[in-house]
Amino acid sequence: MRALRLLSGILCFAVAHAANDAPATAPIEPATAATPFALANVTLAQINASTPYFLVDGKTSELLATPPAKLEDLQVLRLWPEQAPLQQGDNPATDVPTLTVYLPAAGKASGAAMIIFPGGAYSHVSPREGIPAGQWLASNGITAFILKYRVGQKYHYPAETDDGQRSIRYVRANAAAWGLDPKRIGIIGFSAGGHLASWAATHFDAGNPQSADPIERVSSRPDLHILLYPVITLMDEPLVEKGSRNYLVGPNSTPELLELLSNDRQVTKDTPPAFIVASTQDTTVPVANSDHYTDALAKNGVPYVFIREPLGGHGFGIKPTWSDQGLAWLHSLKF
């Protein structure tokens, strides 16, 4: 019965027209260390009706303004204690960047963490990529965090990239308190989230040791990155996914900004190891985006694995066609 109640409880409060028409649904029971949410058999219909927010005991999760002493399943962690840079309001669904926690089962945690950057063309944050990725990682011993980053039309660069960098610093700065290894903090990004992840992997710094904020003192460099059918270039017109570009930079971008945000042009020898998956059948984000990125990785001597196969159309998500190899790669790097 508990499992049935758990499965029935994922609710969305952000998709207004769907929420208004939907029948009332029982709240989920809080997950426990013995039975984490990562092990729930969530259906595609439930995922489609979800966001990074959930109802727990009939209440929306509290947005924790300070890092908790201990992680709990489905906690929602606010990246900044007050307003984020460039924040334009206080609506939790649109203005407040957060991390949602997915824990491995008790005794199964490897000590590594991955931050998930879902796709959504920089217009929304897709639950169809965030939730399955959180479950896949946590069910395999990796503590997972779904990033809910700000998106267009309301927000443009650099709000999205600020959120991506801050999420890495946030997890790293608190890693020891949470039983995580600060040297095993990775990221995984899908589509536009793959652009955000490849940006974080090519634009990072060691932190500001003079900052009054302890989170800002630590490095924003991820220790590895996984990219799924990623948007990479904003410059090479035949390859550009124009929706993502328009939502990210708005109508007034410059050639200099587009080059800065074309991440194949920003790879260096210090870019962390990569695992990249792209379909030759993708008509939304051409596979050449990934080709150019892996060419840049090779040129700079960055280790990578590239799965380039006819895997179907855009947005295939977590699938055994690549996920078993991805997990083996993560394990080979002590994740």
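Q: How many aromatic pairs does a search of the whole structure find?
A: In this predicted model, the search finds nine aromatic pairs.

Q: Why are Phe37 and Tyr102 called an edge-to-face pair?
A: Their ring centres are 5.8 Å apart, and the cut-off for a pair is within 6.5 Å. The planes stand at 65°, and over 60 degrees counts as edge-to-face.

Q: Why is Phe37 called buried?
A: Its relative accessible area is 0%, and buried means under 20%. Tyr102, with a value of 1%, is buried too.

Q: What makes Tyr229 and Phe316 an edge-to-face pair?
A: The angle between their planes is 70°, and the class needs over 60 degrees.

Q: Where in the chain do Tyr229 and Phe316 lie?
A: Tyr229 is in the loop between β9 (225-228) and α7 (242-249), and Phe316 is in the loop between β11 (304-309) and α10 (320-332). The two are 87 residues apart, and the pair links distant parts of the chain.

Q: How do you know whether Phe316 is buried or exposed?
A: Phe316 has 13% relative accessibility, and the buried class is under 20%, so Phe316 counts as buried.

Methods
Residues numbered from 1 in each chain as written. Predicted model: local features only at pLDDT ≥ 70, side-chain atom pairs only at ≥ 80, totals over all residues. Heavy atoms only, no water. Phe/Tyr/Trp six-rings, centres within 6.5 Å; stacked < 30°, edge-to-face > 60°. Buried < 20%, exposed > 50% of the residue type's maximum accessible area, 1.4 Å probe, protein only. Helix = DSSP H or I, 4+ residues; strand = E, 2+ residues; numbered from the N terminus.
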